[in-house]
Amino acid sequence: MQIYLDSSTLVKRYVSEKGSELLDTLYGKADSGELVLATSIWNLGEALGALDIYKNRGWIDEKQFQTA
């Protein structure tokens, strides 16, 4: 099975929000080979923009931003 991740789901991987636990489960299944996660290169830019806003607002720190 292949699951497409949009930019908001990419952000949930690094910022605890509603739905983050489900996303952690999906990443775990992808790590074990049960499914494939896919995204678009455009979504990466959008996710980075959102993470930059989170960092500037103090919702995540520099280390969390760099990890993401």
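By exposed I mean over 50% relative accessible area, by buried under 20%, and anything in between is partly exposed, with a 1.4 Å probe and protein chains only. Please keep in mind that this is a predicted model, where local features need pLDDT of at least 70, side-chain atom pairs count only at pLDDT 80 or more, and totals for chains, interfaces and linings use all residues. Residues are numbered from 1 along each chain as its sequence is written, and side-chain values use heavy atoms, with hydrogens and water left out.

Now, which residues of α2 are buried? They are Ser-20, Leu-23, Leu-26 and Tyr-27. These residues cover an arc of only 115° around the axis, so they sit on the same side of α2; the arc is that of the directions from the helix axis to the C-beta atoms. And what covers them? The cover includes β1 (2-4), α1 (7-12) and β2 (36-38). Helices here are DSSP runs of H or I with at least four residues, strands are runs of E with at least two, and both are numbered from the N terminus.

Let me zoom in on Ser-20. This residue belongs to α2, which runs over residues 20-31. Ser-20 counts as buried because its relative accessibility is 6%. Leaving aside residues up to four places away in sequence, Ser-20 touches Lys-12 and Val-15, where contact means heavy atoms within 4.5 Å. A polar atom of the Ser-20 side chain lies 3.1 Å from the backbone oxygen of Lys-12.

How about the length of α2? With 12 residues at 1.5 Å a residue, α2 should span 16 Å, and its end C-alpha atoms are 16 Å apart, which agrees. The expected span is 1.5 Å times one less than the number of residues. Just after α2, Gly-33 takes a positive phi of about 85°.

Finally, let's step back to the whole chain. The protein chain has four helices and two strands, and along the sequence they follow the pattern β-α-α-β-α-α. Its C-alpha atoms fill a box of roughly 35 × 25 × 20 Å, taken along the principal axes. Of the 68 residues, 26% count as buried. Among contacts with a separation of 6 or more, 58% come from residues 24 or more positions apart.

Technical notes
Polar contact = N/O pair within 3.5 Å; in protein donor to acceptor, adjacent residues only side chain to side chain.
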